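Please consult the sequence and the structure shown here while reading.

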Amino acid sequence: IYFGGFCMRYAGKVYPNRKLSFPREYAEGEEDFLFFAQVMIFEELVDAYNVWMARDERLYPLIRAIHHQHHKDEARHLVFGRMLVTQLFEQYASQWPLETLAAVRQQLGDFLHTSWREYYNPSLYLDAGIQHDPYALQEMAFQHPNAVAHRHHVSTPCIEFLLANQILQEAPNI
């Protein structure tokens, strides 16, 4: 709520979520597992930014303190999220058909990839007044070696957790 309020005051809008979802039937426990696994992934990515911003001495001290406090608050959520995701996976995955298990793993990899894509929003480039094809710029920025390295650095702890708990069998393309 606070971040949305800041965005409205600063830019006059919040960029919409571009992720699509379609109603479908779920295997027992699948919908809950996917919900909590995706929340965990999102929280782990965002927390990395809280840590960096809390340590960034270029930021105003109050902003740094807010990010530090947010990281401290999130630490409990991150531990809980990992425990719950592991528990739900252990409870239900063995009951799912192989196709369901493969689809769940694919969906988590896709979620991680599309979550990173949100950081390269073509609307942002237009609003910044950059006179270039925003989708070409999005792709150029996304594929830049520094961006690829950054995504891997931030995502590695989460991906290693998912691999170690056999939730994923291979690292997704991010």
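This is a predicted model: local features need pLDDT of at least 70, side-chain atom pairs count only at pLDDT 80 or more; totals for chains, interfaces and linings use all residues.

The chain contains seven helices and zero strands, so that, given how elements are defined, its order from the N terminus reads α-α-α-α-α-α-α. Further values for the chain are tabulated below.

| Property of the chain | Value |
|---|---|
| Box filled by the C-alpha atoms, along the principal axes | roughly 50 × 40 × 30 Å |
| Residues that count as buried, of 174 residues | 34% |
| Share of contacts with a separation of 6 or more that join residues 24 or more positions apart | 68% |

The largest nonpolar core has 33 residues, and those touching the most other members are Phe 33, Ile 41, Trp 96, Leu 108, Leu 162 and Ile 167. Two or more residues each are given to this core by helix 2, helix 3, helix 4 (98–117), helix 6 (134–143) and helix 7 (145–164). Helix 2 provides the largest share, seven residues. Apart from neighbours within four places in sequence, Ile 41 contacts Leu 108, Phe 111, Leu 112, Cys 158 and Leu 162.

On the surface, Tyr 60, Leu 62, Ile 63 and Ile 66 form a nonpolar patch whose accessible area together is about 420 Å². Tyr 60 lies in the loop between helix 2 (30–55) and helix 3 (61–92). Tyr 60 counts as exposed because its relative accessibility is 59%, and exposed means over 50%. In soluble globular proteins, by contrast, nonpolar side chains tend to be buried together.

Conventions: Residues are numbered from 1 along each chain as its sequence is written. Side-chain values use heavy atoms; hydrogens and water are left out. Patches are made of residues with over 30% relative accessible area and no salt bridge: like charges are joined within 9 Å, nonpolar side chains (Val, Leu, Ile, Met, Phe, Trp, Tyr) within 5 Å. Accessible areas come from the Shrake-Rupley method with a 1.4 Å probe; for residues, only the protein chains shown count as cover. A salt bridge is a side-chain nitrogen of Lys or Arg within 4 Å of a carboxyl oxygen of Asp or Glu. Helices (H or I, at least four residues) and strands (E, at least two) are DSSP runs, numbered from the N terminus. Buried means under 20% relative accessible area, exposed over 50%, partly exposed in between (1.4 Å probe, protein chains only). A nonpolar core is a set of buried Ala, Val, Leu, Ile, Met, Phe, Trp, Tyr and Cys residues joined through side-chain atoms within 4.5 Å. Contact means heavy atoms within 4.5 Å.
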